[in-house]
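Let's take a walk through this structure together. Keep the picture in view as you read.

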Amino acid sequence: RRLCRTLVNHKRGQRPRDSWCLTAAGTKFLLRRAPEVNTTAARKLRELHLCSCCGRERSCAFFSRKMLTKPPAKRRCSECVIAG
């Protein structure tokens, strides 16, 4: 089964950009994994996080672990990080 899939965003005159998206199987896989020992990290995995760049609320899967350690005003989702 595929855990994630790529979405290609290509506009005329721009270089193609790939972004990744979890499939339903990927979401189930993340929910089945062993519980986090660190209580703060466990809470962050259950919450939705606001991307400071695009303004969308996203699950933790859209943020790197390093990005989740930053203050909420500086958090950017992986799609915004790739877009620059």
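This is a predicted model: local features need pLDDT of at least 70, side-chain atom pairs count only at pLDDT 80 or more; totals for chains, interfaces and linings use all residues.

Residues are numbered from 1 along each chain as its sequence is written, and side-chain values use heavy atoms, with hydrogens and water left out.

Start with the layout. The protein chain has four helices and four strands; here helices (H or I, at least four residues) and strands (E, at least two) are DSSP runs, numbered from the N terminus. Read from the N terminus on, the order is β-β-α-α-β-β-α-α. Of the chain's 84 residues, 23% count as buried, where buried means under 20% relative accessible area, exposed over 50%, and partly exposed in between (1.4 Å probe, protein chains only). As for contacts (heavy atoms within 4.5 Å), residues 24 or more positions apart account for 25% of those with a separation of 6 or more.

Now zoom in on two residues. Is G26 buried or exposed? It sits in helix α1, residues 24–32, and G26 counts as buried because its relative accessibility is 2%. Its C-alpha lies 9.8 Å from that of A61, although G26 and A61 are 35 residues apart in sequence.

L48 belongs to the loop between α2 and β3 (49–50). With 52% relative accessibility, L48 counts as exposed. Leaving out residues up to four places away in sequence, L48 touches E57, R58 and S59. L48 and C60 are 12 residues apart in sequence, and their C-alphas are 6.6 Å apart.

R58 has something else to show: its charged end sits over the ring of F62, 4.1 Å from the ring's centre. The rule is that NZ of Lys or CZ of Arg must be within 6 Å of the ring centre and within 35 degrees of the ring normal.

Last stop: the second largest pocket. A pocket is an open set of points on a 1 Å grid over the protein atoms alone, with protein on both sides within 12 Å along at least five of seven lines, and lining residues have an atom within 4 Å of a point. This one is lined by 15 residues, with A41, K44, L45, R65 and L68 nearest its centre. The elements giving two or more residues to that lining are α2 (39–46) and α3 (65–68), and α2 gives the most, with four residues.

Definitions and conventions:
On a 1 Å grid over the protein atoms alone, a cavity is a set of points where a 1.4 Å probe fits but cannot get out, and a pocket is an open set with protein on both sides within 12 Å along at least five of seven lines; lining residues have an atom within 4 Å of a point.
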